[in-house]
Amino acid sequence: SKNSDKVRVANFHVPMYPACFDNIYDVNLAEDSVKYWGPIFEEHNFAGVFENHKHLYKKTFPLVGGEVQPEGEGVVYFGDGNWGIDPDDCIRTGHGNGNQTGLLEVASDMTHVWLINITQTDLKFFAINQTGQVFDKEYHLLVENYINKEKK
């Protein structure tokens with residue numbers, strides 16, 4: 001709360017909202033993370049959370065309490081850490097599709113890295129593939145939606 005005048009973004013390992021659920025270990029960790037970390041990210045008005053572990057590409061809609069929110073009113077979860085390793089095959093095989101909840105805007109097995117450009121007025125998130133191309137749309141968040149708005 002001492003930094004309410006700054007945009008907050010976190011990096012988290014095992015995703016709260018993965019592109020795929022394919023084992024009970026990940027399901028349990030995701031449920032615990034949603035229960036314990038989710039409220040902290042929401043209370044302190046985090047703009048985004050980078051998640052890893054599943055080695056897939058995904059972006060959630062803005063979320064609060066596991067519910068989709070209008071742009072600029074929730075936490076966006078980016079992931080799931082897919083660079084330098086073969087992607088998880090759960091999307092290709094249809095096993096454990098994490099978007100059964102409808103909380104993911106996009107999910108694929110595209111090898112990627114996220115680039116974030118932060119200015120005084122906005123945050124722009126780009127997903128870049130192995131050839132250096134932006135392969136999905138730019139995700140644009142306004143700084144004003146995420147500063148000085150701590151939840152009470």
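In which strand does Ala 127 lie? Ala 127 is found in strand 9, which spans residues 122-128; strands (E, at least two residues) and helices (H or I, at least four) are DSSP runs numbered from the N terminus. The model is predicted, so that local features need pLDDT of at least 70 and side-chain atom pairs count only at pLDDT 80 or more, whereas totals for chains, interfaces and linings use all residues. Residues are numbered from 1 along each chain as its sequence is written, and side-chain values use heavy atoms, with hydrogens and water left out.

Ala 127 counts as buried because its relative accessibility is 0%; buried denotes under 20% relative accessible area, exposed over 50%, and partly exposed the range in between (1.4 Å probe, protein chains only). Apart from neighbours within four places in sequence, Ala 127 is in contact with Tyr 57, Val 113, Trp 114, Gln 133, Val 134, Phe 135 and Asp 136, contact being heavy atoms within 4.5 Å. The C-alpha atoms of Ala 127 and Leu 56 are 12 Å apart, at a separation of 71 residues in sequence.

Strand 9 runs antiparallel to strand 10, to which 4 bridges join it; two strands are taken to pair if DSSP finds at least two bridges between them. Phe 125 stands opposite Tyr 139 of strand 10. In a regular strand the side chains alternate between the two faces of the sheet.

Across the whole structure, 5 salt bridges are found, each defined as a side-chain nitrogen of Lys or Arg within 4 Å of a carboxyl oxygen of Asp or Glu. One of them joins Lys 137 to Glu 105 (2.8 Å, N to O). This pair links distant parts of the chain, 32 residues apart, with Lys 137 in the loop between strand 9 and strand 10 and Glu 105 in strand 7 (residues 104-108). Lys 137 is partly exposed because its relative accessibility is 45%, and Glu 105 is likewise partly exposed, with a relative accessible area of 27%. Salt bridges that share partners join Glu 51, Lys 58 and Asp 80 into one network.
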